[in-house]
Amino acid sequence: MSALVDPRPPLLNRQRERAVLDDLLADLRAGRGRALMLRGEAGVGKSALLRHILGAAAGMRVVRAAGVESEMELAYAGLHLLVAPLLDGLEGLPGPQRDALGVAFGLRQGDPPDRFMVGLAVLTLLAEAAEERALLCVVDDTQWLDRSSAQVLAFVARRLLAEPVGIVFAAREPGREFQGLAELEVRGLAGPDAHTLLRSVIRFPLDDRIKERILAETNGNPLALLELPRGLSPTQLAGGFGLVEAQAVPQRVEQGFRHRLAALPAETQSLMLVAAAEPTLDAVLIWRAAGLLGIPASAAKDAQADGLLEAGAGVRFRHPLVRSAVYSAASPPQRRAAHRALAEATDRDRDPDRRAWHLAAAAPGPDDEVAAELERSAERAQARGGMAAAAAFLRRAAELTADPGPRSERALAAAQANVMAGSFEAAADLLAMAAAGPLDELQRARVDLVHGQIAFVSSMSSDAPPILARVAKQLEPLDPGLARETYLEAWYAALYAGQFAGGDDLHAISRAARSAPRPAGAPRPSDLLLDGLAVLTTEDARRRRRC
């Protein structure tokens, strides 16, 4: 990497924020665990504060990760980045925890792991890693973590007590998984510091009214103060003509990055696109893919000189907005070419899911072979307990399937996975895709089942119990096992709907469940539970009538 002045926004003042972070480190050194969420808009200085706490964590063990937007569909991807340096302690975990985390990371085979057990495993792993010296975990861009990782890390963060483990998150807007954690809102720089930063990039006299306008529009956002004046002439700045009022600050900053990108050589733009398309920013993989596209190693020099990219042993964009600017500025054929090269450069045995995702992004239209790869990735994701990831793989598989029949089946499977992942709008859209193709009787019943599940989990309304009970009856001759599972869902729906449901719903569902046919083989736990609830409800009703 060339010797450049660090182009990142400086950490001016921030005494309040630094004091909070220093207190967290003091607690860790005293053996008390803590978690903290830094919240603020893009470019406001969260990453600079993370650099501060990393620099102040002398004597501590440090692990770090960052969420990546294009990895949000890969189950446990962010969690794996964070704890990978600690996995030498995996075998020392209690058996159930060891197995759950091993399956979640694809290190061993087994049933889909319980999310609670994965959380306990990570908590134990961090605690044991902190036995010799305090452990600081730093997670940037938390808003882009995959849902499985976010849930587990939030679970762990709420249980840091006597262990000297600290977790500091940073996010533009934390997801609902992190509600309740201690938060520190990072705001724009105060007046004097904002003036100082602006003077560092505008070295000619500026009308006070225009200066105040820039400070007001950027709201003290450090990255905006550094980037907005770039490329604008003194005349434009003096008259205020270069300022675009209609865009929010991050959009204006991203647009500025796009202008700078357009001035770079074509091969440099191509290299940056390959890097932007690869979530892990794995330098070896990026250079391998770049080589497949005929991009020379010298292509990085101009991006480095402009401060947009660091490329050496590792690859790092100056800011996430640079990455999004690079990707959004490319044409669809250019993006497909970058993903195709990355798919070729990715080992199909070591990372089949990432390869499948790149192949899907490279597909210009329906591709049954890639759709089948994605379906296999969905199966692996479900085996790891990553339902959101499975839903994403299945949705893309459905979109790439040419034959209406298989497309409907994959869309239906994706809808069911989205319901389980809590994405009800996406599930409803996929049901419409499924219904557009040919469906047999069982598939139509499954479509109705998902509609009932959405009605139940999204609103707990009185509509759900009769829908689910009707679907269960439809399923009896088609799939007795699924019918009984649906009766169990209908029973819970009637219970939760409470006073909003018809008074006889619970009893009617219980009576129907008691007469439903049983699947062949030994009863499953869900069968035994349904039998017990149905008997309890009907016998209680009979006893009340006798009284």
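Let's start with what covers helix H1, residues 15–29. The cover over the buried residues of H1 includes strand S1 (34–39), helix H2 (46–56), strand S3 (135–140), strand S4 (165–171) and strand S5 (183–185). Contact here means heavy atoms within 4.5 Å. Helices (H or I, at least four residues) and strands (E, at least two) are DSSP runs, numbered from the N terminus.

Two notes on the source. This is a predicted model: local features need pLDDT of at least 70, side-chain atom pairs count only at pLDDT 80 or more, and totals for chains, interfaces and linings use all residues. Residues are numbered from 1 along each chain as its sequence is written, and side-chain values use heavy atoms, with hydrogens and water left out.

Which residues of H1 are buried? They are Glu 17, Leu 21, Leu 24, Leu 25, Asp 27 and Leu 28. Buried means under 20% relative accessible area, exposed over 50%, partly exposed in between (1.4 Å probe, protein chains only). These residues sit on the same side of H1, because they cover an arc of only 160° around the axis. That arc is taken from the directions from the helix axis to the C-beta atoms. After H1 comes Gly 31, with a positive phi near 90°.

Now Ala 411. It is in helix H20, residues 404–421. Ala 411 is buried, at a relative accessible area of 0%. What does Ala 411 touch, not counting residues up to four places away in sequence? Ala 398, Leu 430, Met 433 and Ala 434. Take Leu 430: 19 residues from Ala 411 in sequence, yet 5.4 Å in space, C-alpha to C-alpha.

Note on methods. The expected span of a helix is 1.5 Å times one less than its number of residues.
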